[in-house]
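Here are my notes for a colleague who is meeting this model for the first time. Please keep the sequence and the structure open while reading.

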Amino acid sequence: MIIRLMGEIDIHSFRADSLLLEQPVISNLKMPDGISESDMINWLGWALDSGAAIRLEEDEEFRGQVETAGRYLTGLRQPSMKDEQFIMLLILRERWPVGSKAKFKAIADRVGASHTYHLMACPIQKGVDFDDDEAMSSAEAKSLHAMVPVMKQSRKQFANSSGLQQFLKNLS
């Protein structure tokens, strides 16, 4: 199976032999009261929103942690995903509502992020070849276009997501 993680700045795709159905250990996520799904999403959002492309390429441990988080979050959303399938997870910045900013900041601070993030799982695409750039690009486009109604409905929630806002603007 192919998992594509699309953050605000970076996109990382990888092959996964299996999904993780038990919460993984991420070495730089050590929290006294445990790691929540929200913490994992916020950490992954931070990782893909901090210009991590070079680090993903050069730092095996960091890349492994990003891929582990991606496998786990995919397993939560699509536990029956099979080989020869492609899924794209969008990890988007959320807008902090007025009056609740302190709560959202505390959530982001738990993982060292400057924003909170929300995860959207796109529909599974079938028969995508990881080594075929055109097939990967086509699967990404199909995944994104299938999510347009949901994205438009959630547009205000993701006011800080420049990528989502630009994508929706380009569709108009």
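This is a predicted model: local features need pLDDT of at least 70, side-chain atom pairs count only at pLDDT 80 or more; totals for chains, interfaces and linings use all residues.

1. Residues are numbered from 1 along each chain as its sequence is written, and side-chain values use heavy atoms, with hydrogens and water left out.

2. Helix 5 spans residues 133–146 and reaches 20 Å from its first C-alpha to its last, close to the 20 Å expected at 1.5 Å a residue (the expected span is 1.5 Å times one less than the number of residues; helices, H or I of at least four residues, and strands, E of at least two, are DSSP runs numbered from the N terminus).

3. The buried residues of helix 5 are Met-136, Ala-139, Glu-140, Ser-143 and Leu-144. They lie on the same side of helix 5 because they cover an arc of only 130° around the axis, the arc being that of the directions from the helix axis to the C-beta atoms. On the other side, Glu-134 and Lys-142 are exposed (buried means under 20% relative accessible area, exposed over 50%, partly exposed in between, with a 1.4 Å probe and protein chains only).

4. Strand 1 (residues 2–6) and strand 2 (residues 11–15) pair in the antiparallel sense over five bridges, where pairing requires that DSSP finds at least two bridges between two strands. Ile-2 has Arg-15 of strand 2 as its bridge partner, and four residues separate the two strands of this hairpin.

5. Asp-39, which belongs to helix 1 (residues 37–47), counts as buried because its relative accessibility is 2%.
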